Amino acid sequence: MNITVYCGSNPGDNPRFTEAAHALGTWIAQNGHTLVYGGSSVGLMGTVSRAALEGGASVIGVEPAFFIEAGVAQHDLTELIVCETMGERKAKMIELGDVFVALPGGVGTLEEITEIFTRVRLDMGPHECFLLNIDGFYDPLAAFLASMVDRRFFDQCDLDRCHFPRSVDELAHLVATADTRPRTRCEGPLLQKG
């Protein structure tokens, strides 16, 4: 499978974020998967890509030209796809991915995984997404999404397809048992008039 990983171009303030990025890259390699990611050599992006490469995985980076010009591209990738805009980058990473995982990150990571939430909601594929909730990093987001359900802006059946595993081992189990069927267990229309 192609595992698209969204994550920070910084390491963050918790060494466990880096440990999780390394463990994720190692798991991808050990299980014969391909890593698809943002192409950078810095922060958690650099950690996950180096771990995957060291483990023998194929690694596809997708990076805008202006980041490459800034000198942050990872070297020795299996493939580096150069695009012009952040929008093109996001679309290509979605096109290439089978499974979508967010490590801790900033607003770019949040934007990318939010698009996946929307695709889950609209049944555009994928049908599941995963946020590695290391040391509760994504607890506030999970609570916010639950409040959207309470206030009838998001359906529980859609939230049930957005997972918050607290370790790579838990993620691996969820990926192995993921529901890849189209939206059949949600009641009611996808879009409501009014």
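These questions and answers explain some of the terms used for this predicted model.

Me: What should I know about the numbering and the model?
Reply: Residues are numbered from 1 along each chain as its sequence is written. The model is predicted, so local features need pLDDT of at least 70 and side-chain atom pairs pLDDT 80 or more, while totals for chains, interfaces and linings use all residues, and side-chain values use heavy atoms, without hydrogens and water.

Me: Why are helices H4 and H5 called oblique to each other?
Reply: Helix H4 covers residues 86–96 and helix H5 residues 107–121. Their axes cross at roughly 50° and come within 11 Å. Angles under 35 degrees count as roughly parallel, over 145 as roughly antiparallel, 65 to 115 as roughly perpendicular, and the rest as oblique. H4 and H5 are therefore oblique. Their crossing is right-handed.

Me: What makes up the contact of H4 with H5?
Reply: Contact means heavy atoms within 4.5 Å. From H4 come Arg 89, Lys 90, Met 93 and Ile 94. They meet Glu 111, Glu 112, Glu 115, Ile 116 and Arg 119 in H5. These residues divide into 3 nonpolar, no polar and 6 charged.

Me: Why does Ser 40 count as buried?
Reply: Buried means under 20% relative accessible area, exposed over 50%, and partly exposed in between (1.4 Å probe, protein chains only). Ser 40 has 3% relative accessibility, so Ser 40 is buried. Ser 40 lies in the loop between strand E2 (34–37) and helix H2 (43–54). Leaving aside neighbours within four places in sequence, Ser 40 contacts several residues, among them Met 45, Val 72 and Arg 89.

Me: What makes the pair of Ser 40 and Glu 63 a polar contact?
Reply: A polar contact is a pair of N or O atoms within 3.5 Å; within protein, one must be able to donate a hydrogen and the other to accept it. The side chains of Ser 40 and Glu 63 make such a contact at 2.7 Å.

Me: Why is Asp 135 called partly exposed?
Reply: Asp 135 has a relative accessible area of 49%, so Asp 135 is partly exposed. Asp 135 sits in the loop between E6 and helix H6 (139–150). Its phi is positive, about 50°, although Asp 135 is not a glycine.

Me: Why is Arg 152 called exposed?
Reply: The relative accessible area of Arg 152 is 78%, so Arg 152 is exposed. Arg 152 is in the loop between H6 and helix H7 (156–159). Phi of Arg 152 is also positive, near 65°.

Conventions:
Axes fitted to C-alpha atoms, helices over the stretch in contact; angles between N-to-C directions. Helix = DSSP H or I, 4+ residues; strand = E, 2+ residues; numbered from the N terminus. Left-handed = near helix turned anticlockwise from the far one by under 90°. Nonpolar A, V, L, I, M, F, W, Y, C, P; charged D, E, K, R; others polar.
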